[in-house]
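Please open the model in your viewer and keep the selection tool at hand, as each stop below names what to pick next.

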Amino acid sequence: MTLLIILASVFGVVALMVILGERYAKPMSEGQQAKFSKISWILVFVILLAAIIREMM
């Protein structure tokens with residue numbers, strides 16, 4: 001039962017984010033998209049590296 005509550009909560013929050021994002025979000029310029037693309041690759045790498053190090057300890 002707890003799992004169903006968690007799944008319903010996650011679904012509700014994601015649906016709310018999509019609705020609010022479609023209504024109020026502004027489109028990004030190509031420069032901003034390129035900048036966030038570079039940052040996201042570095043961030044994913046750092047998070048994966050941290051997870052691997054944490055699991056090894």
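Begin by selecting Ile42, Phe45, Val46, Leu49, Ile53 and Met57, which together make a nonpolar surface patch of about 670 Å². In such a patch every residue has over 30% relative accessible area and no salt bridge, and nonpolar side chains (Val, Leu, Ile, Met, Phe, Trp, Tyr) are joined within 5 Å; a salt bridge is a side-chain nitrogen of Lys or Arg within 4 Å of a carboxyl oxygen of Asp or Glu. Areas of this kind come from the Shrake-Rupley method with a 1.4 Å probe, and for residues only the protein chains shown count as cover. This is a predicted model, in which local features need pLDDT of at least 70 and side-chain atom pairs count only at pLDDT 80 or more, while totals for chains, interfaces and linings use all residues. Residues are numbered from 1 along each chain as its sequence is written, and side-chain values use heavy atoms, with hydrogens and water left out.

If you draw a line from Ile42 to Met57, C-alpha to C-alpha, it covers 23 Å in space, for two residues that are 15 apart in sequence.

Next, select Lys35 and Phe36: the charged end of Lys35 sits over the ring of Phe36, 5.6 Å from its centre. That wording requires NZ of Lys or CZ of Arg to be within 6 Å of the ring centre and within 35 degrees of the ring normal.

Now move to Thr2, whose place is in helix α1 (residues 2-24) and which is exposed, with a relative accessible area of 56%.

Finally, zoom out to the whole protein, where the C-alpha trace spans about 40 × 35 × 10 Å along its principal axes.

How values were computed. Patches are made of residues with over 30% relative accessible area and no salt bridge: like charges are joined within 9 Å, nonpolar side chains (Val, Leu, Ile, Met, Phe, Trp, Tyr) within 5 Å. Helices (H or I, at least four residues) and strands (E, at least two) are DSSP runs, numbered from the N terminus. Buried means under 20% relative accessible area, exposed over 50%, partly exposed in between (1.4 Å probe, protein chains only).
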